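Look over the fold below, then read the briefing.

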Amino acid sequence: AGAQAARWLPRRRRTAKSRGRAALALLFLGRGSAGSARAEPLSPTAGRLPRGVGPLDEERYATAFSGDSFRCLDGTGGALPAAILNDDFCDCADGSDEPGTAACAGQEGLRSAREVFFFCSNVGAQARYLYRSRINDGICDCCDGSDEWLSGACSDTCFEDGRAYREAESRRLEVWEKGTELQKRLVASSQTEMQSWRSQLEELRAVLPGLERESKERKRALNEAKAALPPEPKAPETAPPTPAPPSVESSEDMASRLGELEALLDPGLTGVHRAFAALRGECKVRTVEPFTYKLCFFREAVQIDENAGKTDDGQVSTWSLGRWAGWDFSTDPPMARFEGGAVCPGGQSRKVSVTFRCSSKAKLKSVTETESCVYAAEMLHPGACDDSRAPEAGSEEKRLEGWAKVQEVRKELLELVDREMESWRSEKLALEEKLATAKGAEPSGGAASEPKPDDGVGAGKTGEQPQISEYAKWMEGGSAAASAAGSGDAADASTSTPAPEATDTPGEVAAASAEGSAAAPEAEEESPERRAHREAEALWTEASAAARDTKHKVWGLEARLHSGLAGGWLALAGLADECLEKADGKFTYRVCFFRHAYQDTDVEKGIYLGRWIGWDFSGGEVLRARFDRGASCGNGVRRSLTVTFACGERAVIETVVEKLACIYEAQVLHPGGCNAMDKPEKRHLPALLPKDEL
């Protein structure tokens, strides 16, 4: 016995606290009594392991036993009696003989393969491993209280602690059951519709080539009509700029320029809003794939489609979104309106309303098509920054610096506008005289008739008749048709002579009628070339829309009828024409299956993530849907989106991540993502390791 003891390493002395306890067999058994220690040796054959040993170390301890003896896990020393386990003394250099006490905490040998931790089984909740220094330290670390076995002061709270996880697991099973049930109904519905889909696809495939040919022919006709338009007069390049004689500038051009000046001098532009007049001559551009929008203030707004290809004369396809239609002072700041744009297939003309937001920069922030052919734009501009938006004293330095920059830029713009104001008034009066002469009427009045920006004169003032500008008279009296032709659109119904105001007396009505019939010249007729161009544009717009819509329908039917869409995946055919949205912080994603995918941000709306490409069955049991050829990024990569499917009771986007720059991945919950042959099994959370708490 002495020789055997000589082979053991020096043993740490017990603490005074532990020396007084006699039932040390309880320390290593984990259950039972001191008297049973010798009767039930701790060995795999007896199915017992020392207290504190968990699945992580079970195999190591099992191989360390040989009959009634134990070898240290690091392989040093000889065989030790099994009774030395958990006796509150360190017999092994790696501390492996004390897995259930704190005696060897921090005494792991340098050659130890892995530190030994104390295992809490935590039945009903998540198991965990602890540093052995936490054993019997008076703090309940394990929900089953096993780390404080000496005092028994900790109650078992595992059932309550594990409630949330158990409920989540029950919910997962419930989702699978409901999802698979709905999947059966969707698959049955798809199978019923299969023959109808095939017939529709066959019909659409038959007509699509004809629609595409018609669209190309209409486009060719439009290009020919555009080439036939009379060229705009140009001043000689070598001649110095001189005022054009009255005979050179058309009445239409004068009316357009007069409308621009009236917008600059509008009496409603008061206070800081006068800075909006500095937008004269500026065009703001914003690209929202696949379109580029160009707003030229006080003149015209257009939409450019780079993807539609160039015309025969090298120009890209462009649609008018409307000519300047004036300010709308029903909001603060006021809104700007462009109306009477290119005619849509439904017969309505395109139009844009522009709202303004405070910023030190003049920038077109976003353009969206809120409904068919009706657009809403948002413009950043210092003219929208009134002093009520100033940050309070004590605000963060960045906000104060930003407001100081706003004030500086706004002041410069207001000074510029004030300097130009008198020049604009003179120019306006001269144009009114020219326009009146061209119509055979008298000028509208002198300089005194022009109200100043801050004199409070307005069209809606009580007791005063509305002021009708020469620009409005011209546009209402005869130039509207020519103006519409200039933008490539049909003449509006408002081109007819306006009815007299209800406040007019019978004599005034008779005088107005006589003046309209005798003195006023006839309306300027639309030229045959412009009429042909307008009609060709409307026909091409209608033909291209028909071809595009048919192509989208073909994509959807091909996706639903794909041979790989079998079994439970056939339920995904129900996604046809369905658009799913996911708001994720400052981003909102919109995925329209079998068509397109988009992303909205705080700054820009309708960022194109790509069009429907098709199913990807290369993932085995994982089905993917792909959208590609989206808007180009700054790095030259075009945006794309890959969608995977998981089991769900209904169609919903669960997550969207930008895996790489401009490469997006989304997961969609859907009954078609449920595996009816693989019922979810009860899952157990992996045991937490000490470092998992960090």
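Of the 694 residues in the chain, 41% are buried, where buried means under 20% relative accessible area with a 1.4 Å probe, counting protein chains only. This is a predicted model, in which local features need pLDDT of at least 70, side-chain atom pairs count only at pLDDT 80 or more, and totals for chains, interfaces and linings use all residues. Residues are numbered from 1 along each chain as its sequence is written, and side-chain values use heavy atoms, with hydrogens and water left out.

**Whole chain**
- The chain contains eleven helices and 21 strands; these are DSSP runs (helices H or I, at least four residues; strands E, at least two), numbered from the N terminus.
- Of the contacts (heavy atoms within 4.5 Å) between residues at least 6 apart in sequence, 50% join residues at least 24 apart.

- Eight strands form an open sheet with mixed pairing, in the order 14-15-16-17-18-19-21-20; two strands pair if DSSP finds at least two bridges between them.
- Strand 14 (579-584) and strand 20 (652-660) each have a single partner strand, so one side of each has no neighbour in the sheet.
- From one strand to the next, the twist averages 25°.
- Strand 18 (residues 622-628) and strand 19 (residues 640-647) run antiparallel and are joined by four bridges.
- In strand 19, V643 stands opposite A625.

**Helix against sheet**
- Helix 11 (residues 528-560) lies across strand 16 (596-600) and strand 17 (607-619).
- Helix 11 runs at about 25° to strand 17, with axes fitted to C-alpha atoms (for helices over the stretch in contact) and angles from 0 to 180 degrees between N-to-C directions.

Notes. Buried means under 20% relative accessible area, exposed over 50%, partly exposed in between (1.4 Å probe, protein chains only).
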